[in-house]
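Please look over the model shown below before reading the notes that accompany it.

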Amino acid sequence: MSRRRVSIFGATGSIGQNTIDLIARDAQAYEVVALTGASNIAQLATDARRLGAQIAVTAEARLLPELRAALEGSGVEAAAGEAALLEAADRPADWIMSAIVGAAGLAPGFRALRHGATLALANKESLVTAGPLLLQEARQHGAQILPVDSEHSAVFQGLVGEDMAAVERIIITASGGGLRDWPIAALANATPEDAGAHPNWDMGQRITIDSASMFNKAMELIETKEFFGVVPAQIETVIHPQSIVHALVGFNDGALMAHLGAPDMRHAIGYALHYPDRRDLPVARIDLAQLATLEFYAPCATRYPALKLARAVMEAGGHAGCVFNAAKETALDGFLAGRIGFMDMSGVVEATLDAMSSKIGLSNAVETLEDVLQTDHMARKTAWTAIEHHEKEAR
Ligand code: NAD
Ligand code: MG
């Protein structure tokens with residue numbers, strides 16, 4: 001049997017490492033084409049050697065000598081920089097994991113679709129900033145996109161064999177994040193350390209803080225609209241502290257199909273890796289009797305202002321997702337740098353959406369990838385201005 005050619009973009013990150021874990025368990029079934037990372041050269045080189053990758057790429061050009069040295073004698077090619085990332089995406093593969101964090105993950109994913117590879121999409125920014133464009137690119141090249149975010153994988157699984165016309169609503173769950181039980185008044189003083197601890201999921205620092213603020217859930221609401229082609233009114237979110245039910249699909253006969261699974265990203269990654277088959281995965285099995293309770297409740301709008309902003313973004317469409325993503329990333333940078341407080345992030349995002357709306361008109365369709373990058377750049381500058389404004393007010 002021929003081996004499946006796979007590439008992993010963002011191989012050194014949390015999703016990338018979980019993907020490698022699954023692939024390494026059955027290494028003879030895969031031919032690893034490209035692995036990419038950024039600053040963690042030791043990890044990148046170790047995995048590239050272990051899996052016998054064709055090429056390892058670091059996004060950071062200055063680290064090429066270090067990568068070359070780490071790969072010496074292994075037969076693995078070394079490359080660095082943005083162009084090298086795109087060249088790696090051009091290398092034919094059957095399955096490509098898109099797990100670079102941030103807007104940097106966009107272009108490699110687009111390139112990978114061009115040769116018809118199946119794109120396992122973890123990178124949220126791709127759908128939020130350029131959803132319609134990405135889906136169009138996939139259609140044009142006969143490529144398939146499979147969602148890897150746990151909620152979207154759950155919805156996708158709930159839709160197998162179903163007719164979209166019978167879908168009434170989609171509910172994605174939220175853990176509520178690390179500050180879920182804090183008094184609202186105390187949130188203004190939350191530090192990055194406070195917000196960076198997650199009760200259920202083990203993820204990167206940025207996404208964990210985005211979980212506490214629900215900017216992560218806001219991104220996922222937008223992803224849901226883009227990927228499944230439903231209207232905002234059909235999408236709901238509910239707080240579910242146990243993180244066992246990941247999403248539910250509601251049908252026109254009143255049936256609600258829930259997807260349950262242990263909070264382990266290898267579940268969604270493995271589903272995308274083996275789709276349309278199901279294979280044995282090394283994830284914990286759920287014991288319902290031991291769990292005993294699954295709770296659900298509506299998120300509080302005051303505690304989680306990001307959710308309201310997501311609604312406005314979904315309604316606006318066009319460039320709004322791109323502005324939203326750039327603004328929330330910048331606001332998080334501002335929070336991590338101690339320049340704004342935890343609850344100020346949503347204010348910065350709202351001010352950025354307002355300012356960008358008068359500058360470019362948010363609802364205009366995104367035509368090209370360059371549009372996205374340009375809007376992203378402009379929105380980040382606008383968001384920094386909002387942060388500076390906020391600092392002045394606070395003084
Ligand atoms: P991470 O920070 O752990 O890893 C990010 C990866 O991207 C690393 O390999 C890093 O080297 C690489 N990278 C960073 N900056 C880069 C740049 N400028 N150019 C090229 N590569 C760069 O992130 P993660 O938690 O693995 O998340 C990856 C993506 O998947 C994000 O978009 C995230 O929102 C999404 N996601 C993550 C989870 C999760 O459980 N971690 C769940 C759902 C979705
Ligand atoms: Mg998720």
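## Basis of the model

This is a predicted model, in which local features need pLDDT of at least 70 and side-chain atom pairs count only at pLDDT 80 or more, while totals for chains, interfaces and linings use all residues. Residues are numbered from 1 along each chain as its sequence is written, chains are lettered from A and ligands numbered from 1 in the order in which they are written, and side-chain values use heavy atoms, with hydrogens and water left out.

## Magnesium site

The magnesium ion (ligand 2) has Asp149 (OD), Glu151 (OE) and Glu220 (OE) as its protein donors, lying 2.1 Å from it; donors are N, O and S atoms within 2.8 Å of the metal (3.2 Å for Na, K and Ca), and because water is not among the atoms, sites may look incomplete. The spacing of these donor residues in sequence is D-x1-E-x68-E.

Asp149 is buried at 8% relative accessibility, and Glu151 is likewise buried, at 7% relative accessible area, where buried means under 20%, exposed over 50% and partly exposed in between (1.4 Å probe, protein chains only).

## Strand residue Ala79

Ala79 belongs to strand S4 (residues 77-80), strands being DSSP runs (E, at least two residues) numbered from the N terminus, and Ala79 is buried with a relative accessible area of 15%. Leaving aside residues up to four places away in sequence, Ala79 touches Ile55, Ala56, Val57, Thr58, Leu64, Leu67 and Ala84, contact meaning heavy atoms within 4.5 Å. Between Ala79 and Glu60, 19 residues apart in sequence, the C-alpha to C-alpha distance is 9.5 Å.

## Surface patch

Leu260, Ile286 and Leu288 make a nonpolar surface patch of about 240 Å²; patches are made of residues with over 30% relative accessible area and no salt bridge, like charges being joined within 9 Å and nonpolar side chains (Val, Leu, Ile, Met, Phe, Trp, Tyr) within 5 Å. A salt bridge is a side-chain nitrogen of Lys or Arg within 4 Å of a carboxyl oxygen of Asp or Glu, and accessible areas come from the Shrake-Rupley method with a 1.4 Å probe, for residues with only the protein chains shown as cover. Leu260 lies in strand S11 (residues 256-260) and is partly exposed, at 33% relative accessible area.

Conventions. Helices (H or I, at least four residues) and strands (E, at least two) are DSSP runs, numbered from the N terminus.
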